[in-house]
Amino acid sequence: MEIRFKSRRAPVIHDFPYPRRGRKCPHASLISITNPGGCSYACPICYARAYPWSDPETIVIYHDIPERLKAEIESSWLLFPFYLSQITDPLQPIDEVRALTLRIVQLLIDCGLSFRIVTRSSDGLRWLVRMIPDLASYPYFFVELTVESGNEKVVVTSPDAPPIPDRLDAIAQLTGLGIEVVARIDPIIIGLIDEEDLDSLIGAIGSTGASHIISSTGYFNHRSMKRLLMRMRECGYQDRIHRVVKAYRYHPGAKRRRFTTSLQFRKRFHRELRAKVEAKGMTYSVCQELPHEYDSPDLATCEGSRRNPVQIRIGERFEPLPCYGDCLCCPRPDDPPCGEPRLQQEYPYRTATLFRFRQPPLFGEDKN
Ligand code: SF4
């Protein structure tokens with residue numbers, strides 16, 4: 001895999017690209033350290049590696065992100081929780097990527113901002129906590145660690161990421177340090193992952209101290225589905241290919257560009273899985289593919305944590321608001337605590353909206 005370095009042209013801070021209609025994801029401040037799917041783990045199930053515009057053979061590292069991010073934070077009056085990263089792994093085992101993540105995390109802590117790290121990298125998380133010991137007591141941070149299968153079938157789902165037992169150990173270690181950890185088990189590949197696999201995975205996660213589980217059955221395009229089926233064949237799971245094809249209603253000649261499980265299946269599947277997760281004392285949410293009513297009650301957002309509030313500039317500091325960025329469920333829609341009702345309509349938000357009210361810079365001495 002080729003590694004290249006590039007300056008980032010687009011704004012660093014950006015929202016999920018989904019429109020208002022049908023949207024479930026709260027507003028967030030996404031940061032992508034590399035290009036979509038620019039990840040050395042190269043998971044065969046990765047949706048970001050399958051975008052038509054992705055080049056999965058190249059990792060483009062945006063080397064100037066910390067400087068650009070600092071300037072954007074200085075110009076913002078309101079910031080949604082930061083999210084590293086939805087299209088790449090911010091702790092993948094590439095020194096330059098980890099070094100950038102370290103600088104970004106330190107910057108966010110210095111500014112008192114809320115953030116979460118989404119990763120498969122158990123060793124990367126241990127390294128990060130060693131490098132920034134204060135992370136364990138930082139109140140506006142939590143981890144989402146992906147554990148999408150049992151150790152036997154990880155050869156299909158994420159063969160180059162750390163083994164599943166090590167990821168589970170990392171969850172236990174982090175929760176032991178007082179860090180909140182959410183386990184992502186998505187996407188669960190229906191037809192490959194059996195009910196027994198799921199039961200044993202939920203049981204194992206339940207004994208790590210994780211508080212919440214996020215799940216989905218996922219979606220595929222032609223490219224990612226072909227990659228998944230080929231990988232199953234290579235790994236000796238060819239006898240299950242027909243089950244996956246049936247579950248996701250896939251046909252290589254189909255004009256459809258997106259292959260998912262049926263709505264009826266998803267409703268039943270998530271209802272049953274939620275009951276199992278809640279029986280283990282954890283909460284449960286469905287990533288995107290079903291509405292909030294299929295999640296556990298009383299969650300702040302589907303991310304399952306209350307450690308990521310929206311933050312607003314008060315003078316030179318950022319202070320938490322009593323909300324988590326889910327503006328479609330604003331706690332006071334007619335008089336929003338942020339004072340900006342347009343955020344209930346803007347999906348995705350425009351970066352200019354965050355910069356609209358110019359305030360004194362947070363880092364005055366560096367501004368020239
Ligand atoms: S106060 Fe309401 S509109 Fe403003 S950021 Fe929070 S949820 Fe969104």
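Around the ligand stand Val-310, Leu-321, Cys-323, Cys-327, Cys-330, Pro-336, Pro-337, Cys-338, Glu-340, Leu-343 and Gln-344, where a residue counts as near if its C-beta atom, placed from the backbone, lies within 6 Å of the molecule. By class, this shell holds nine nonpolar residues, one polar and one charged. Here Ala, Val, Leu, Ile, Met, Phe, Trp, Tyr, Cys and Pro count as nonpolar, Asp, Glu, Lys and Arg as charged, and the others, Gly among them, as polar.

Please keep in mind that this is a predicted model: local features need pLDDT of at least 70, side-chain atom pairs count only at pLDDT 80 or more, and totals for chains, interfaces and linings use all residues. Residue numbers start from 1 along each chain as its sequence is written.

Now for the strands. An open sheet of three strands runs in the order β4-β13-β14 with antiparallel pairing. Because β4 (78–79) and β14 (317–320) stand at the edges with a single partner strand each, one side of each is left without a neighbour in the sheet. Strands (E, at least two residues) and helices (H or I, at least four) are DSSP runs numbered from the N terminus, and two strands pair if DSSP finds at least two bridges between them. Strand β13 covers residues 311–314. The pairings look like this:

| Strands | Bridges | Opposite residues |
| β13 and β14 | four | Gln-311 and Pro-320 |
| β13 and β14 | four | Arg-313 and Phe-318 |

The hairpin of β13 and β14 has two residues between the strands, and Gly-315 takes a positive phi near 65° there.

What does the secondary structure of the chain come to? The count is ten helices and 14 strands. The chain is divided into domain 1 (1–140 + 308–368) and domain 2 (159–301), with bounds from an automatic or database domain assignment. Their C-alpha centres lie 24 Å apart.

Finally, the C-alpha atoms of the chain fill a box of roughly 65 × 45 × 45 Å along the principal axes.
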